Every structure is written in structure tokens, then in C-alpha cells.
Amino acid sequence: MKKGLCVPAALLAAVLGFCLWNSAAMTAHTARWREQLEEAGRLAQSGDWKGTAAAIREGYADWAARQTYLHIVTNHDAVDGAEAMYHRALAFAESEEDSELQAELADLRDQLRLLSEMEEFSLRNLL
């Protein structure tokens with residue numbers, strides 16, 4: 001390889017590596033957050049409202065710990081939307097409103113899936 005092409009090729013390789021890592025990391029994070037929300041939904045269905053609220057708080061704490069990363073790598077509106085959904089879900093859990101909570105949890109799980117898809121390294125996202 002010509003000497004002048006080594007730096008650009010290394011830069012492209014580094015960017016590709018970051019994209020692949022980011023895609024895998026986002027998939028893992030969102031899968032974990034969605035599992036936490038599914039557990040909260042199961043607790044609500046069983047009538048354990050204190051456990052439900054605690055599970056949502058725990059999931060939110062995990063989510064909040066990655067806010068800097070999320071704001072760097074993904075769409076701010078999508079992150080802010082999920083943030084608001086976490087707050088609404090907690091309010092529904094604390095007021096023991098099962099149907100509203102289940103709907104909000106479903107919407108939040110879908111929002112997290114969309115966050116993961118937005119960062120997926122795929123031809124659709126490249127074009």
C-alpha cells in the first residue's frame with residue numbers, strides 16, 4: 001500500500017471498528033433495559049406495586065448511568081422520548097394503574113428497540 005494511503009485506511013478501519021462496537025453495545029444495553037421493563041410488567045401483573053416501582057427505578061438508574069454515551073451516539077429526541085416514558089411508567093406504577101402502566105411499558109420497550117435499530121450497523125442505516 002502506498003505510504004500516503006496508510007493513514008486514511010487506518011482511520012477508516014478505526015471508524016468501522018467503532019461502528020461495529022457501538023452497534024453491539026447498543027444492542028446489549030437496550031436488550032438489558034427491555035428485560036428490566038418486562039420484569040416490571042410481570043411484577044405489576046402479580047400485584048406487587050412496590051416491586052414494580054423499584055424495578056422501574058432500578059432500570060431507570062441503569063439507563064441514566066449511560067446518558068452521556070446515549071447523547072453522543074444517538075438521536076437526542078429518541079433519548080429524550082424514552083426518558084419521558086420512564087418517568088410516566090414510574091408515575092403509573094406508583095399510582096397502581098395497571099392498564100396505563102402496561103401500555104407505557106410496551107411503548108418504552110418499543111422506543112428502546114428503535115434506539116437499538118438506529119445504531120445498528122446495517123446497509124439500511126448506511127444508505
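Trainee: What makes H1 roughly antiparallel to H5?

Mentor: Their axes come within 9 Å and cross at roughly 170°. An axis is a line fitted to C-alpha atoms, for helices over the stretch in contact, and angles run from 0 to 180 degrees between N-to-C directions. Over 145 degrees counts as roughly antiparallel, under 35 as roughly parallel, 65 to 115 as roughly perpendicular and the rest as oblique, so H1 and H5 get the antiparallel label.

This is a predicted model: local features need pLDDT of at least 70, side-chain atom pairs count only at pLDDT 80 or more, and totals for chains, interfaces and linings use all residues. Residues are numbered from 1 along each chain as its sequence is written, and side-chain values use heavy atoms, leaving out hydrogens and water.

Trainee: Why is the Trp33–Trp63 pair called edge-to-face?

Mentor: The structure holds five aromatic pairs. Rings of Phe, Tyr and Trp (its six-membered ring) pair if their centres lie within 6.5 Å, with planes under 30 degrees apart stacked, over 60 edge-to-face and the rest tilted. Trp33 and Trp63 have ring centres 5.1 Å apart and planes at 75°, so edge-to-face it is. With Trp33 in H1 and Trp63 in H2, the pair ties together parts 30 residues apart in sequence.

Trainee: Why does Trp33 count as buried?

Mentor: Its relative accessibility is 0%. Buried means under 20% relative accessible area, exposed over 50%, partly exposed in between (1.4 Å probe, protein chains only). Trp63, also with a relative accessible area of 0%, is therefore buried.

Trainee: What makes the Trp63–Tyr86 pair tilted?

Mentor: Its rings sit 5.5 Å centre to centre, with 40° between the planes. Tyr86 lies in H4 (residues 76–94) and Trp63 in H2, so this pair links parts 23 residues apart in sequence. Ring pairs join Trp33, Tyr60, Trp63 and Tyr86 into a cluster.

Trainee: Which residues have the most contacts inside the largest nonpolar core?

Mentor: Ile56, Trp63, Tyr86, Leu101 and Leu112, in a core of 28 residues. Such a core is a set of buried Ala, Val, Leu, Ile, Met, Phe, Trp, Tyr and Cys residues joined through side-chain atoms within 4.5 Å. H4 supplies the largest share, eight residues. Leaving aside neighbours within four places in sequence, the contacts of Leu112 include Trp33, Trp63 and Tyr86.

Trainee: And Glu96, is that buried or exposed?

Mentor: Exposed, because its relative accessible area is 51%. Glu96 lies in the loop between H4 and H5 and has a positive phi of about 55° although it isn't a glycine.

Technical notes. Helices (H or I, at least four residues) and strands (E, at least two) are DSSP runs, numbered from the N terminus. Contact means heavy atoms within 4.5 Å.
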